[in-house]
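The following report goes through a structure with attention to how its parts meet. Please keep the sequence and the coordinates in view while reading.

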Protein chains: 2
Amino acid sequence: MSSRRMLLGMQFGNGYGAQVTSWRAPNVDPKNYTDIDAVVRYAQAAERGKIQFLFLPDTPALSSDLTHEAPQMTLDPLLTLAAVARGTSRIGMVATGSTTFIEPYNLARQFKALDVMSHGRAGWNPATTSDPNAAANFGQTIAERPERYGRAHEVIQIVQALWGSWEEDAWIADPTTGIFADPAKVRPVNLGGQYVSSRGPLPIPPSEQGQPVLFSAGGGEYGLTLAGRYASGVIGSTFSIDDARAQRDAAREAAGAAGRDPDEVKFFAGLMPAIAPTVRDAVERRMLLGTNTFPQRVPYLGQMLGLRLDPRQIDEPLTAEQLAAARPSPYDPRAPRAFEVANQGWTLREILGHGVIDYHPTPVGPASVTADHMQEWFEAGAVDGFWVSIDTYEDGIDTFVDEVVPLLQERGLFHEDYEGKTLRDHLGAAPQYGLDPRVSGVGVAH
Amino acid sequence: MSSRRMLLGMQFGNGYGAQVTSWRAPNVDPKNYTDIDAVVRYAQAAERGKIQFLFLPDTPALSSDLTHEAPQMTLDPLLTLAAVARGTSRIGMVATGSTTFIEPYNLARQFKALDVMSHGRAGWNPATTSDPNAAANFGQTIAERPERYGRAHEVIQIVQALWGSWEEDAWIADPTTGIFADPAKVRPVNLGGQYVSSRGPLPIPPSEQGQPVLFSAGGGEYGLTLAGRYASGVIGSTFSIDDARAQRDAAREAAGAAGRDPDEVKFFAGLMPAIAPTVRDAVERRMLLGTNTFPQRVPYLGQMLGLRLDPRQIDEPLTAEQLAAARPSPYDPRAPRAFEVANQGWTLREILGHGVIDYHPTPVGPASVTADHMQEWFEAGAVDGFWVSIDTYEDGIDTFVDEVVPLLQERGLFHEDYEGKTLRDHLGAAPQYGLDPRVSGVGVAH
């Protein structure tokens, strides 16, 4: 029995699932993309499993090939979560919001509104957004990294200052005296930097957790600095325990360097389980989604294995000759897993059905395979928890909740119920009122 | 019996009511500002009354004196309506969104998301936003009118083009063929002008009404041009039948000048009823809300009457000498009504309790007084309907729905039930797919 418990977030996207072809899975209404009832139902399923938070990636652009693939984001992260908040009561809700393409006042207002409406369950993943398609939607091109991150620091500091523009006890609302608020405790922000500025105050009082909690999902040196300074949760993309541990250590060090307690930063590794009674069933489940997309992935699978592969071979395994020549590519961290699966004699389509080209590690088989993976990584000190991407929400969330969660609970690795009511409660983060004195810097009064 | 029926919209703001002091009304939870449950309940009450739409004014700034007054807007118009959409099924939902301080792609995405989530019940009131407090929140100052409106035209055209970037039958979602959408029917927008541009497409298919419907609430020549070109509903502020008729005619003419059928534009006059069993009860109701704010309004009441008035006289009527000297100010269209009430012998506080300094005409007394006002204006051809501001939502919406609406229905002036499901249905506006060919202009391909 472990005394530490893991934390779980769930990827929450387009109404279908984490695969771009999840829309055509059996039993899924292929028009769920616009069905908010379905999205709310999925959030309720995650809440039933005591998942600490939903996490919505976002890029303000259409980047899928719509011929076969659904858009990967929800219609709009904040409006979706406003609806989800109506149908849930405990689960945290973290949305991505671009620091490049949304004004800080608008970010501050909408995230705080969500936080207040949901009684303190909101979180913000500030993203600098590097997709040129997104920039074009705003009549812009993507700026260089220093500028994008310079702006991001300013935006985050202004947003947090706007969130903190009401002191904890500023809102009085006493009908007998007629005093609505203490104006001395609702202060302008007057923050500005090189890229953005805002006067404030925001017209919104604190939520039950004070203000939304920050996440970070960006990598690299710039992303790490940002995470260390502001984030309570870091979403990582990693394919091995050693790499996960290194990423977690780096996030903790960055927090320490920013004057924070490293334990304030929780590191979440991505996970994309394929769960079914047997390994073969799980592979079949994924292959069903890949009818149109797997053939075009065969050449890349070849690259991962150091081979030239032709889509016409998709329903054959590697030949003995190919197997002998295969070498996992050093340029893709997923290659060792692809090599391992190929050596088990599966066809190319079946290898792809193991999720070897997916964005996160894919444990394949019964729920215990996923639970074992999670336990191993967690007990190795590689993560504080996982960010789980479910292939098909319609049945996949229930499967995870009904089969994986109980295993984790039996093993003492996951809580039996929410300990508190706010997202900060769920993460073990303190409520935040006003400005965090440890966070200040590039913004200058003006 | 009239064959034409009036249309009704309802002002929807901060959770309390249309008076800045509604928060302290009896029976109101003084913390309703952050209680989205209450807001949803009020929307449900309006829907019970078959009101065609809620209309949310908005300015991205805190402009109230918080000592005694609540912020006048909802926490956030779009998040509030996403929540309201979950608790209602027929009522239309129109939100104000700034063309100056929100990027067109973000406007397009969020309004279309709301439209899709609500099954075709969304409308947008594009506002150029002239409040310097708002500009300061974005590190800006307010531009001159030609620039603000020049940008507004570009923003509206880009937003509508993004909304129309999917053809009506573009979304296929056929799981047997694996075809999600016809990419030939999802087109980039590539629109740009002097101020803003966007490439598109938006990742959102059409709603049941195609796309959101446009409203306009701005006055003046610039506002009229904009209304004539794009708006299906025009919200007016007016204090007399003659002025209302002139505003309605002007909006219809502007539509004609833009090549549209004038009947496509519905004109709504504001109305702020004070309803109670007797006139005195209605005045008392309003005075209760004015304890802290009425004294400071006495000098302005004096200006309206051509007198110097001292707040210390607040509980006295005008003296005979003052009455003899009083002249309704020609600079305030509300002055004749103030003069009329003053001559009835009410105290200054009671005169203010008649709503003579409110933003819209205030029928005072039993429901029939309000119904009579509405009938008179409507039958005079001055309006297509009303935009009703309820003083206190907690009981005021029910009172309007239970007492005024049945009178209007008995008189054949208001529908018995929603005729259709979308906001366009409610307004008699045709569904809109793709670009309206009658609306194009300043945007240039680039």
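In this predicted model, 100% of the interface residues of chain B are also interface residues in chain A, so the copies meet through the same surface, where contact means heavy atoms within 4.5 Å. The contact draws 71 residues from chain B and 71 residues from chain A. Between them the two chains bury about 6200 Å², of which 61% is on carbon and sulfur atoms; buried area is here the accessible area, taken with a 1.4 Å probe, that two parts lose on being put together, summed over both. On the side of chain B, the residues that lose the most area to chain A are B:Arg86, B:Arg109 and B:Phe180, which together account for 12% of what that side buries.

Residues are numbered from 1 along each chain as its sequence is written, while chains are lettered from A and ligands numbered from 1 in the order in which they are written. Local features need pLDDT of at least 70 and side-chain atom pairs count only at pLDDT 80 or more, whereas totals for chains, interfaces and linings use all residues, and side-chain values use heavy atoms, with hydrogens and water left out.

Five salt bridges are found across the interface of chain B and chain A. The table gives two examples.

| Salt bridge | Closest N and O atoms |
|---|---|
| B:Asp37 with A:Arg86 | 2.8 Å |
| A:Arg285 with A:Asp391 | 3.0 Å |

A:Arg285 lies in helix H8 (residues 279-289) of chain A and A:Asp391 in the loop between strand S14 (385-388) and H14 of chain A, so the pair ties together parts that are 106 residues apart in sequence. Helices (H or I, at least four residues) and strands (E, at least two) are DSSP runs, numbered from the N terminus.

Helix H14 (residues 393-410) of chain A also packs with helix H1 (residues 36-48) of chain A, their axes coming within 9 Å and crossing at roughly 10°. H1(A) and H14(A) are therefore roughly parallel to each other, a term that covers angles under 35 degrees. The residues of this contact divide into six nonpolar, no polar and five charged; Ala, Val, Leu, Ile, Met, Phe, Trp, Tyr, Cys and Pro count as nonpolar, Asp, Glu, Lys and Arg as charged, and the others, Gly among them, as polar.

In chain B, the axes of helix H2 (residues 77-87) and helix H3 (residues 104-117) come within 10 Å and cross at roughly 10°. This contact is made by B:Leu78, B:Leu81 and B:Ala82 of H2(B) with B:Gln110, B:Phe111, B:Leu114 and B:Met117 of H3(B), and by class it has six nonpolar, one polar and no charged residues.

As for the backbone, the peptide bond from A:Gly200 to A:Pro201 is cis, with omega near -5°, and A:Pro201 is placed in the loop between strand S8 (197-198) and strand S9 (213-216) of chain A.

Methods: Axes are lines fitted to C-alpha atoms, for helices over the stretch in contact, and angles run from 0 to 180 degrees between N-to-C directions. Angles under 35 degrees count as roughly parallel, over 145 as roughly antiparallel, 65 to 115 as roughly perpendicular and the rest as oblique. A salt bridge is a side-chain nitrogen of Lys or Arg within 4 Å of a carboxyl oxygen of Asp or Glu.
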